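Please walk with me through this structure, one part at a time. Keep the sequence and the 3D view side by side as you read.

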Amino acid sequence: MKLVECIGEYVKFNGNSYPCTVSLTMDLVGGKWKAVILYHLKNNPKRYNELRKEMPSITEMTLSLQLKQLERDGLISRSVYGEKPPVKVIYNLTDFGRSFIPVLEAITKWGNGIVAERGEFISNK
């Protein structure tokens, strides 16, 4: 497999400059939670509380911040239903966010292989 190198000395995206496309990608989906949130949204839209239940170790502040960043970067959309509290808010992948699903699946496959070879799967159920 031929490795594809970054074209150009730097890249620009959404008004930001990056030394390469890997740096751009990691800014968009890097960190502990962004890819995890995208993974939980890959099959269907979810409400905030559904995401919290599926990721119990994330704090409310972190989830809220990460959702805002993913929305700002165009990977997810936020739809608000209703006028007065409690309003219903649904998070969904955008077309841009859905374009990341093959990468999420590759990361999941790679991680599953590592655990199968060097770790163990644990269930709390």
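In this predicted model, the axes of helix 1 and helix 2 cross at roughly 70° and come within 7 Å. Angles of 65 to 115 degrees count as roughly perpendicular, so helix 1 and helix 2 are roughly perpendicular to each other. On the helix 1 side, the contact is made by Asp-27, Leu-28 and Val-29, and on the helix 2 side by Lys-34, Ala-35 and Leu-38.

Helix 2, residues 34-41, lies across strand 3, strand 4 and strand 5, and runs at about 100° to strand 5. These three strands form an open sheet in the order 3-5-4, with antiparallel pairing. Strand 3 (46-47) and strand 4 (76-81) are the edge strands, each pairing on one side only.

Now follow the pairings themselves. Strands of a sheet pair through backbone hydrogen bonds, either parallel or antiparallel. Between strand 3 and strand 5, which run antiparallel, there are two bridges, and here Arg-47 stands opposite Ile-90 of strand 5. Strand 4 and strand 5 also pair in the antiparallel sense, over six bridges; Ser-77 has Asn-92 in strand 5 as its bridge partner. Strand 4 and strand 5 form a hairpin with six residues between them. In that turn you will find Gly-82, with a positive phi of about 105°.

Leaving aside residues up to four places away in sequence, Ile-37 touches Met-55, Leu-63, Gln-66, Leu-67 and Leu-70.

Finally, go to the end of strand 5. Thr-94 lies in the loop between strand 5 (88-93) and helix 5 (95-98). Is Thr-94 buried or exposed? Its relative accessibility is 18%, and since buried means under 20%, Thr-94 counts as buried. A polar atom of the Thr-94 side chain lies 3.0 Å from the backbone nitrogen of Gly-97. Thr-94 also touches Gly-74, Leu-75, Ile-76 and Ser-77, again not counting residues up to four places away in sequence.

Methods:
Residues are numbered from 1 along each chain as its sequence is written. This is a predicted model: local features need pLDDT of at least 70, side-chain atom pairs count only at pLDDT 80 or more; totals for chains, interfaces and linings use all residues. Side-chain values use heavy atoms; hydrogens and water are left out. Helices (H or I, at least four residues) and strands (E, at least two) are DSSP runs, numbered from the N terminus. Buried means under 20% relative accessible area, exposed over 50%, partly exposed in between (1.4 Å probe, protein chains only). A polar contact is a pair of N or O atoms within 3.5 Å; within protein, one must be able to donate a hydrogen and the other to accept it, and residues adjacent in sequence count only if both atoms are side-chain atoms. Contact means heavy atoms within 4.5 Å. Two strands pair if DSSP finds at least two bridges between them. Axes are lines fitted to C-alpha atoms, for helices over the stretch in contact, and angles run from 0 to 180 degrees between N-to-C directions. Angles under 35 degrees count as roughly parallel, over 145 as roughly antiparallel, 65 to 115 as roughly perpendicular and the rest as oblique.
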